[in-house]
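Hello,

Here is the structure I promised to pass on. Please open it first, then read my notes alongside.

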Amino acid sequence: MSDDMSAMRAELQSCLQALRKNLLVIVLFTVLGLLLGSFVAIVPEPDTYIATGSISKTAASSPSNLSINQFEDLITSKNVLDEIAGNLGGRAGGSSEILSMLGTSVNDSQNILYISVRHTDPSFAIEVTNVATAVMSRQINEIYSNAGIVVLDQATSARLESSWVSTAMLYRLLGAMLRAAACCWVIVVQPLTSFTALIISVC
């Protein structure tokens, strides 16, 4: 009987030692989670603004078989990108930087091509948009003589881009998951495993 009690005490002591060691896991994962959760406070995510302009085909002067959506991909051509970069005096970088800002969409029924620009500076997004729409209309009219492509709307404002899940939310979620995983392991899984092993050894 005394041997059984000694064995039980030894098992309990080993469980307590394992629990004390795993407290370090809680501390480490908690610190890591807090660091990840507060990372955006150290390096804040810049806001992104979107400005939108449009060009359109005028029915009176355009060939009847000409559709504005034929030129949606033209904005990604090197000639267009280089001209936009040149008109901006290099302030937006080269063609690759310009391309990363641009987006397009088409309204087929009204022959309207929308050009949007994303940038952290709203005023610069507006400027790039207006330059891009002017360059696009000129380039199309140069390809198709008297194509009748005109700037329909210039950008006058830029709206703040909204995101359902921001980087900040992801960091905080990851930090919370790490803390929860550490606590679950130390408080539930590890003691339950040790307790099960103790019961088996006693039985």
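S4 covers residues 149-153. Four bridges hold S1 and S4 together, and the two run antiparallel.

S1 has other partners too. Strand S3, residues 112-119, is joined to S1 by eight bridges, again antiparallel. There, Tyr49 faces His119 of S3. Strand S5, residues 158-160, pairs with S1 over three bridges, in the antiparallel sense. In that pairing, Ala51 has Ala158 of S5 as its bridge partner.

How many of the nine residues of S1 are buried? Seven are, so S1 is mostly covered, given that buried means under 20% relative accessible area.

**Helices H3 and H5**

These two helices pack against each other. Their axes lie 10 Å apart, at an angle of about 135°. That angle makes H3 oblique to H5. The crossing is right-handed. From H3, the contact is made by Asn79, Val80, Glu83, Ile84 and Asn87. From H5, it is made by Val131, Ala132, Val135, Met136, Arg138 and Gln139.

**Ser137**

Look next at Ser137, in helix H5 (residues 122-143). Is Ser137 buried or exposed? Ser137 is buried, because its relative accessible area is 9% and the cut-off is under 20%. What does Ser137 touch, beyond its neighbours within four places in sequence? Its contacts are Ile55, Ile149, Val150 and Val151.

Gly148 is in the loop between H5 and S4. Gly148 counts as buried, because its relative accessibility is 12% and the limit is 20%. Along the chain, Gly148 and Thr58 are 90 residues apart. Their C-alpha atoms are separated by 5.4 Å.

Asn111 is in the loop between strand S2 (102-107) and S3. Asn111 is not a glycine, yet it has a positive phi of about 55°. Asn111 is buried as well, because a relative accessible area of 17% falls under 20%.

Ser67 is in the loop between S1 (49-57) and H3 (78-87). Ser67 is partly exposed, because its relative accessible area of 22% lies between the 20% and 50% limits. The C-alpha atoms of Ser67 and Ile112 are 9.1 Å apart. Along the chain, 45 residues separate Ser67 from Ile112.

**Confidence**

Which element has the highest mean pLDDT, and which the lowest? Strand S3 has the highest, at 92. Helix H2 (residues 39-42) has the lowest, at 48. Where pLDDT is low, the predicted coordinates should not be read in detail.

**Where to start**

Begin with S1 and its antiparallel partner S3. From Val150, move on to Ser137, which is in contact with it. That takes you into H5, where Ser137 has its place. From H5, go across to H3, which packs against H5 at about 135°.

Best wishes

How values were computed
Residues numbered from 1 in each chain as written. Predicted model: local features only at pLDDT ≥ 70, side-chain atom pairs only at ≥ 80, totals over all residues. Heavy atoms only, no water. Buried < 20%, exposed > 50% of the residue type's maximum accessible area, 1.4 Å probe, protein only. Contact = heavy atoms within 4.5 Å. Pairing = 2+ DSSP bridges. pLDDT = per-residue confidence, 0-100. Axes fitted to C-alpha atoms, helices over the stretch in contact; angles between N-to-C directions. Parallel < 35°, antiparallel > 145°, perpendicular 65-115°, else oblique. Left-handed = near helix turned anticlockwise from the far one by under 90°.
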